[in-house]
Amino acid sequence: MAEAERIINTPDTPEDGAHRTPEHAPAQERTGRGRRIAVLFAVAAFAYALDLISKTLVVAKLEGHAPIKLVGNLLELNAIRNPGAAFGFGAAFTVIFTVIAAAVIVVIMRLARKLYSFPWAVALGLLLGGALGNLTDRIFRAPGVFEGQVVDFIAPKGFAIFNLADSAIVCGGILIVLLSFRGLDPDGTVHKD
C-alpha cells in the first residue's frame, strides 16, 4: 500500500525533468496512457466476465450436485459458498472483506491516472476484475448485502477451493511483485536500486 500511495501522489506524467499537466503533455504521451488505461479496463472486463459466467454456470448446474472430477483425483469442480477470505479464513469478517475489496478498486482507479506501463495495466486489470468479481458476490449473494458468500468451485487435491476471480487476483499480485523486483513503476519509471 505504501508503494501505491507514493505512486498516487506523483505527477501525472513520467519523470522526464519537466513538470507538465496532462492537458499540456504531448499528444503521443496522452495517447500512450490512454492505451494503457484501455488495456487495464479490457483485462478487468474480461476477468470479470469470465468470473461472472463461470459462477452463473456453477450455481445453475453444479450447486447441490456431486463434484465433477476433471483430472482423476487431482482436480474437481465442487461448488461451495465461502463467507470468508482465501482458504475459508475469516468467515465472521465478511463485511470487512467487502470494504477491503472496495478499497482495492478505488486505489486501482486512482492509479489508472498515472498509468504508463503496459505490464502494470495487465496486472492492475487482473486485480480489478478479480476484486469486482468477488465484490459482486459479497453484495448480491445470500445471506445479504455486504455479507454475501463467494461462489468457489475449482478444487485441486490438497488445496483450497477457489474461483476465477481469486485466480485473477493471485496472477495480478504475482505480476506486480515481479514488476516491483524489476524496478518498474506504473508511471513508467524504472528504478535501479
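Mentor: Contact here means heavy atoms within 4.5 Å, and on that basis residues 24 or more positions apart account for 66% of the contacts in the chain with a separation of 6 or more. This is a predicted model, in which local features need pLDDT of at least 70 and side-chain atom pairs count only at pLDDT 80 or more, whereas totals for chains, interfaces and linings use all residues. Residues are numbered from 1 along each chain as its sequence is written, and side-chain values use heavy atoms, with hydrogens and water left out.

Trainee: What makes up the secondary structure of the chain?

Mentor: There are five helices and three strands, where helices (H or I, at least four residues) and strands (E, at least two) are DSSP runs numbered from the N terminus. From the N terminus on, the order of the elements is α-α-β-β-α-α-β-α.

Trainee: Why are H4 and H5 called roughly antiparallel?

Mentor: The axes of H4 (residues 118-140) and H5 (residues 164-182) cross at roughly 150° and come within 7 Å. Axes are lines fitted to C-alpha atoms, for helices over the stretch in contact, and angles run from 0 to 180 degrees between N-to-C directions. Angles under 35 degrees count as roughly parallel, over 145 as roughly antiparallel, 65 to 115 as roughly perpendicular and the rest as oblique, and H4 and H5 are therefore roughly antiparallel to each other.

Trainee: Which kinds of residue make the contact of H4 with H5?

Mentor: The contact includes Trp120, Leu127 and Gly130 of H4 and Asp166, Ile169 and Leu179 of H5. Its residues divide into 15 nonpolar, six polar and one charged, given that Ala, Val, Leu, Ile, Met, Phe, Trp, Tyr, Cys and Pro count as nonpolar, Asp, Glu, Lys and Arg as charged, and the others, Gly among them, as polar.

Trainee: How do you know that the length of H4 agrees with its number of residues?

Mentor: The expected span of a helix is 1.5 Å times one less than its number of residues, so the 23 residues of H4 should span 33 Å, and its end C-alpha atoms are 32 Å apart, which agrees. H4 is also mostly covered, with 17 of its 23 residues buried (under 20% relative accessible area, with exposed over 50% and partly exposed in between, for a 1.4 Å probe and protein chains only).

Trainee: Why does Ser117 count as buried?

Mentor: Ser117 has 5% relative accessibility, and therefore counts as buried. Ser117 is found in the loop between H3 (94-112) and H4, and, not counting residues up to four places away in sequence, touches Arg36, Leu184, Asp185 and Pro186.
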